[in-house]
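Dear colleague,

Please find the structure below, handed over for your review. A short account of the findings follows it.

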Amino acid sequence: MQPFAIVALVLILARAIAELWLSRLNQHHVRAHANELPPAFRGIIDEATYRRSVDYTLAKSRFADITGVFDVVVLIALLFSGMLPWVFGKFSASFGRSIWAMAGFLFFVGIALSILALPFAWYVQFKLEERFGFNTATIKTWVLDRVKGFLLALLLGYPLLALVLKIIEWTGANWWLWAAGIVVAFQLLLMLIAPAVIMPLFNKFTPLPEGALRQRLFALAQRAGFPMRSIEVMDGSKRSRHSNAFFTGFGRFRKIVLFDTLIAQLSEPELESVLAHEIGHYKKRHVVKLLGFSIAGVFAAFAAIAWLARQEWFYRAFGFEYQPGFGVVKIALAMLLFGLLAGTISFWLSPFFHAWSRRFEYQADAFARATMGEAQSLIQALRKLNEKNLSNLMPHPLYSGFYYSHPTLLERERALRMAA
């Protein structure tokens, strides 16, 4: 086995072991608090609901362990068994090595991996979520979602891959700058058109009807200095009883979306506080900062691919023959290998990314408190959201550091009360 192959294998196994250890650590921590409602939650949630949240957390965690092991086995088999070079050889023998063929190979591998994940996604939706009363999707809806997703990937993703590879042919050694620019431009275009074109393919969006709630939310937006054209309600109940709200798009396509389940669960002041939180992300420029970080990440990724594409040991580590010089096929393979390995590296960086994200959540909470003039409405909304979604109320701190982009309920309450 090539030296870098050993390094890559050790890194993959180290991540898998760390994920299993963190999962077991969190499961043990949750079980340690399972038999009695912790004092901090008395008066917030009843004991029966708390026990259901514990059961839900443990069930999800155990199943995530199974899917995690499966993913690692597939990744190791793909990278180190010679399967990937064999599949590439068969594919290129049948379809050639043109730009469209290489884009097709990358697309084929991605689709094949997503098909392997389908049984797990089905189990989560129709067994695990059903068991805890969250699933409302039908088999027809679930299948249609997957078909639509595949068609969108075919219509948008495949041409993008071909364009990136064509840019490589056109621009030579500095291809990675142009390729990253194309990908960033594509992402910005998606952000622009997704709310109006893509998202309605999956869900129905209707303007919040006239009435006291609409007047209250628009008055809040005006008070906060947020230019808002409309608030839309999404039929989230079509698939799940989970509730949420989100901010999407920019410019004239910007919209705030409330799940219909959220409107059913929260009172008007609580919904107002949730909207104030979402506006807080906009006013604090979190969307722009995250977008800037994403753009920098795209350029860094393509710079890394460009460097790896020049290293003979990188190809030989995974069974590919190295051919000196510049070529689209070489770079396409480097892109594929980098994509398969990227999660192994990003896992170790996730605590830093999540710490940054949690900081944004605290700032949005503080903005909502200041805009509302009180903290209790947001606290009540957060309590209900955690209760209705059976959130893990007692995650292990190390586990939440690796996996939680939002602070826990107690952390957010503590920050809101201290600020008040």
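Which residues do ring pairs link into a cluster? The cluster consists of F4, F80, W307, W313, F314, Y315 and F318. Rings of Phe, Tyr and Trp (its six-membered ring) pair if their centres lie within 6.5 Å; planes under 30 degrees apart count as stacked, over 60 as edge-to-face and the rest as tilted.

Please note that this is a predicted model, in which local features need pLDDT of at least 70 and side-chain atom pairs count only at pLDDT 80 or more, while totals for chains, interfaces and linings use all residues. Residues are numbered from 1 along each chain as its sequence is written, and side-chain values use heavy atoms, with hydrogens and water left out.

The count comes to 33 aromatic pairs. One of them is tilted: the ring centres of Y56 and F134 are 5.1 Å apart, with the planes at 50°. Because Y56 lies in helix α2 (residues 47-80) and F134 in the loop between α4 (99-131) and α5 (139-171), this pair ties together parts 78 residues apart in sequence. Helices (H or I, at least four residues) and strands (E, at least two) are DSSP runs, numbered from the N terminus. Y56 is buried at 2% relative accessibility, and F134 is buried at 4%. Buried means under 20% relative accessible area, exposed over 50% and partly exposed in between (1.4 Å probe, protein chains only).

Backbone angles also deserve a remark. L390, in the loop between α13 (376-388) and α14 (397-403), has a positive phi near 50°. This residue is buried, with 3% relative accessibility.
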